[in-house]
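Biologist: I'm new to this one. Can you put it up and take me through it?
Modeller: Here it is.
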Amino acid sequence: LQMAQDLHQALRRQELFLVYQPIFDLAHGGAHAIEALIRWRRPDGQLVPPDVFIALAEETHLIVQIGQWVVAQACRDLASLCAAGLPDLKVHVNMAAPEFTREALPQELTTLVQAHGLRPEQLSLELTESLLMKQPEQVMAVMARLRQRGFDISLDDFGKGHSALSLLKDLPISTLKIDRAFVRGLGQRDSERAILATIMDLGRHLGLQVITEGVETDTQLACVRGCGGQLIQGFLLSRPLPLDALRQRLLPDA
Ligand code: G
Ligand code: G
Ligand code: MN
Ligand code: NA
C-alpha cells in the first residue's frame with residue numbers, strides 16, 4: 001500500500017507534527033492541560049486526517065515508533081511551556097493498543113519525563129474504552145504499573161463505547177473524559193442535561209477528575225458549568241493550535 005510506505009517515510013522527513021488543544025479550568029480561567037493531536041502534512045501540502053493514518057499505522061505496527069515520537073515531542077514542548085511560565089501544566093497524549101501494551105513503556109516514560117525535568121503526573125495517557133474492552137486484563141495491568149510510577153491515566157471518549165459501568169470502579173485511572181456526544185444536545189432537551197450531570201457525578205464519586213469534551217457553544221458551556229463541570233475542552237474555548245500559537249494564547253505577555 002502506497003500510503004503505508006509514505007507514512008513510514010513521513011516520520012523521518014518530518015512531515016508529522018503536533019497541535020495542542022487546551023483544556024481550561026473554569027475555577028481560574030487558565031489552562032489545566034493541553035492535548036497533543038498528531039497531524040500529517042504530505043509533501044504536496046495535503047493534510048491526512050489522523051483517523052485515516054493512525055488506523056493504518058496500527059495495522060503496520062508503525063504506531064509504536066510514531067507514538068514514541070509523539071510522547072517525546074509532547075514532553076519537549078511541555079517542558080518549554082513550563083519554563084516559559086506554566087509550571088503546573090499537563091500534557092495529554094492519545095495511545096493506541098499496540099503502544100500501550102508494550103512491556104517497556106513505563107520505564108521509557110519515566111526516563112523521558114526525568115530527562116525533561118517534568119513530574120510524571122504532568123503526563124496523562126489517554127485510552128479509549130474500546131481499547132480497554134479489547135484486552136481488559138492486559139490493559140489494566142499496564143495502567144496499574146503506570147499509576148504506580150505516578151503517571152496520570154485518562155479514559156477517553158467515555159460513555160461512547162460499551163464498557164461496563166461496573167468495571168469503572170476497579171480501573172486504575174485518574175481522569176474521565178466525557179465523550180462529546182453527551183454535550184451535543186445540551187440546551188435542546190432536559191434529558192441530555194440529566195445524563196451529563198449523572199456521568200459527572202459518577203466520576204466525582206469515584207474520585208476522578210472529570211473533563212468535558214466537545215463544548216462548541218455558549219449554551220453548552222453554561223449547561224456544563226451548571227452541572228458542576230470545571231475542566232472544559234472544545235472549539236468554543238480553543239481549537240487545537242500549533243505550539244507557537246498555543247504559547248501566544250496561554251502566555252500572551254511572555
Ligand atoms: O485531532 P482529531 O480530532 O482529528 O483526531 C482524530 C483521532 O485521532 C482522535 O480519536 C484522536 O484521539 C486520535 N489521535 C490524535 N493524535 C493521536 C496520537 O498522537 N496518537 C494516537 N494513537 N491517536 C491520536
Ligand atoms: O478521540 P479524541 O477525543 O482524542 O479526539 C480529539 C479530537 O476532538 C481532536 O482532534 C479535536 O480536533 C476534536 N475536538 C476537540 N474539540 C472539539 C469540539 O468542540 N467539537 C468537535 N466536533 N470536535 C472537537
Ligand atoms: Mn483524546
Ligand atoms: Na475524546
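Modeller: Keep in mind that this is a predicted model. We can begin with ligand 1, whose surroundings are Leu37, Ile38, Pro49, Pro50, Asp51, Ile54, Val70, Asn94, Met95 and Ala96.

Biologist: How do the residues of the shell around ligand 1 divide into nonpolar, polar and charged?
Modeller: Eight are nonpolar, one is polar and one is charged.

Biologist: What about ligand 2, how many residues are around it?
Modeller: Ligand 2 has 14 residues around it, and those that come nearest are Leu37, Gly214, Glu216, Gly234 and Phe235. Leu37 is also listed in the shell around ligand 1.

Biologist: How does the ligand 2 shell divide?
Modeller: Into four nonpolar, five polar and five charged residues.

Biologist: Let's step back. How many helices and strands are there in the protein?
Modeller: The protein has 12 helices and nine strands. Its radius of gyration is 18 Å, close to the 18 Å given by the globule rule for 254 residues, so the protein is as compact as a globular protein of that length.

Biologist: What does the C-alpha trace span along its principal axes?
Modeller: About 50 × 45 × 35 Å.

Biologist: What share of the residues is buried?
Modeller: Buried residues are 37% of the 254 in the protein. As for contacts, taking those with a separation of 6 or more, 65% are between residues 24 or more positions apart.

Biologist: Back to the helices. What can you say about H3?
Modeller: H3 covers residues 63-83, so to speak 21 residues, and reaches 30 Å from its first C-alpha to its last, close to the 30 Å expected at 1.5 Å a residue.

Biologist: Which of its residues are buried?
Modeller: In H3 the buried ones are Ile63, Ile66, Gly67, Val70, Val71, Ala74, Cys75, Leu78 and Leu81. They lie on the same side of H3, because they cover an arc of only 165° around the axis. One of them, Val70, was in the list for ligand 1.

Biologist: What follows H3?
Modeller: Gly85 does, with a positive phi near 130°.

Biologist: Where else is phi positive, in a residue other than glycine?
Modeller: At His61, where phi is near 65°. Most residues other than glycine have a negative phi. His61 sits in the loop between H2 and H3.

Biologist: Is His61 buried or exposed?
Modeller: Exposed, because 11 other C-beta atoms lie within 10 Å of His61 and the limit for exposed is 12 or fewer.

Biologist: What is phi at Asp157?
Modeller: Asp157 has a positive phi too, about 55°, although it is not a glycine. Asp157 belongs to strand E6, residues 152-158. With 18 other C-beta atoms within 10 Å, Asp157 is partly exposed.

Biologist: Last one, the start of the chain. Where is Leu1 found?
Modeller: In the segment before helix H1, which runs over 2-12. Leu1 is exposed, with 9 other C-beta atoms within 10 Å.

Biologist: How far is the C-alpha of Leu1 from that of Leu56?
Modeller: The separation is 9.9 Å, and the two residues are 55 apart along the chain.

Technical notes: Residues numbered from 1 in each chain as written. Chains lettered and ligands numbered in written order. Predicted model: local features only at pLDDT ≥ 70, side-chain atom pairs only at ≥ 80, totals over all residues. Near = placed C-beta within 6 Å. Nonpolar A, V, L, I, M, F, W, Y, C, P; charged D, E, K, R; others polar. Helix = DSSP H or I, 4+ residues; strand = E, 2+ residues; numbered from the N terminus. Expected span 1.5 Å × (residues − 1). Buried ≥ 20, exposed ≤ 12 C-beta atoms within 10 Å, placed from the backbone. Arc of directions from axis to C-beta. Rg over C-alpha atoms; globule rule 2.2 N^0.38 Å. Contact = placed C-beta atoms within 7 Å.
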